[in-house]
Amino acid sequence: MVSTQAGRQRHPKVRILSLDRETCTFELTDTDPDIANALRRVMIAEVPTVAIDLVEIEVNTTVLNDEFIAHRLGLIPLVSHVVESMQSPFEGDGDFQEINFHLDVHCVSDDTQNITSQDLRQEMSQDASLDSIRPVSDADSPGEGQAGILIVKMRKGQELKLKAIARKGIGKDHAKWSPVATARFKYVPEIMLDQQGLEDLSEIEKIELADSDPTKTFGLHPTTRKFFVQNIDLYNYNGEIQDKLQDMGRPNLVKIRQKQDHFIFTVESTGALHPEDIVRQSIQVITQKLHTLSSSLEEPDPVTGLPMDMTMG
């Protein structure tokens, strides 16, 4: 991932700011917005996971029709830590892996019964490495119970029996394979203060100016009573402080611009993959795309026999 701007070669860098089992926040520096957006789009659409792709319903007397239940099953995230060693139906020589599940529940209680992802049972596979593929549950988060993801509610006498097949895929084909609940980035702000002009304001005006920003990015120093930036990471480009300055007739006291080479990413996983693995695999996907493009340019043109990069030039 190397880009250039104004003739200067760039070397993008990633630094993890915070990380837990569900969310990763990191900064990407020394690169362009197009690279940042490409990374975001790849995380959403091209990092593979495993999801239920085919459903065969044998008995369904619940209030939900077959198509509705099949759709809900497809959107249940499956733990996909071994996905890199798998093949999808569109890869390789057609020797792809499938994971079979079954569900067979008959409600005999007078109370409403919740049918959840924990009622899905994986069938034995010849490949033991695939045994780790199971529905994501609340138990995958620290301190949570064993609730599972709700599929349907049943009353006494109702029955649901089905078989399901899970396969590897990517979010570009269907959103059920997307590994992220959200993947977003924001430009790091650069805030410039006209301290000389700010000193001309009364303390009440300074307080009103600081309070105009709801993120509490700005404040007054407790000792010097100078207006200053107390936490730049909180700023979200809401424009409130600029509106306040316009009302005061002093629009140039605070200038804010977006750094075009510094970004803060927030990646929230569905639970199918660890968030750091989503980031790592997305970088690998982009690197592979660039390698494929570079290799294709070195191949000879079928008409001229010259390398493709020479004919394009």
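Author: In this predicted model, a residue is called buried when its relative accessible area is under 20%, and exposed when that area is over 50%.

Reader: Is Tyr235 buried or exposed, and what is its relative accessible area?

Author: The cut-off for a buried residue is a relative accessible area under 20%. Tyr235 falls under that limit and is therefore buried, with a relative accessible area of 1%.

Reader: How are the ring planes of Phe218 and Tyr235 arranged?

Author: A pair of aromatic rings is described by the distance of the centres and the angle of the planes. The centres of Phe218 and Tyr235 are 6.4 Å apart, and their planes stand at 70°. Planes over 60 degrees apart count as edge-to-face. The pair of Phe218 and Tyr235 is therefore edge-to-face.

Reader: How many residues apart in sequence are the parts that this pair ties together?

Author: Phe218 belongs to strand β12 (residues 218-220). Tyr235 is in the loop between β13 (227-229) and α5 (240-248), so the pair ties together parts whose separation in sequence is 17 residues.

Reader: Which residue in β4 stands opposite Ser18?

Author: Strand β4 covers residues 23-29 and runs antiparallel to β3, to which six bridges join it. Opposite Ser18, the residue in β4 is Thr25.

Reader: Why is the pair of Phe185 and Phe265 described as tilted, and what is the angle of their planes?

Author: Phe185 is in strand β11 and Phe265 in strand β14, 80 residues apart. Planes under 30 degrees apart count as stacked and planes over 60 as edge-to-face, while the rest are tilted. The ring centres of Phe185 and Phe265 are 5.2 Å apart, and the pair is tilted because the angle of their planes is 35°.

Reader: Which residues form one aromatic cluster with Phe185 and Phe265?

Author: Phe265 is buried, with a relative accessible area of 0%. Along with Phe185 and Phe265, the cluster contains Phe26, Tyr187 and Phe263.

Notes:
Residues are numbered from 1 along each chain as its sequence is written. This is a predicted model: local features need pLDDT of at least 70, side-chain atom pairs count only at pLDDT 80 or more; totals for chains, interfaces and linings use all residues. Side-chain values use heavy atoms; hydrogens and water are left out. Two strands pair if DSSP finds at least two bridges between them. Helices (H or I, at least four residues) and strands (E, at least two) are DSSP runs, numbered from the N terminus. Rings of Phe, Tyr and Trp (its six-membered ring) pair if their centres lie within 6.5 Å; planes under 30 degrees apart count as stacked, over 60 as edge-to-face and the rest as tilted. Buried means under 20% relative accessible area, exposed over 50%, partly exposed in between (1.4 Å probe, protein chains only).
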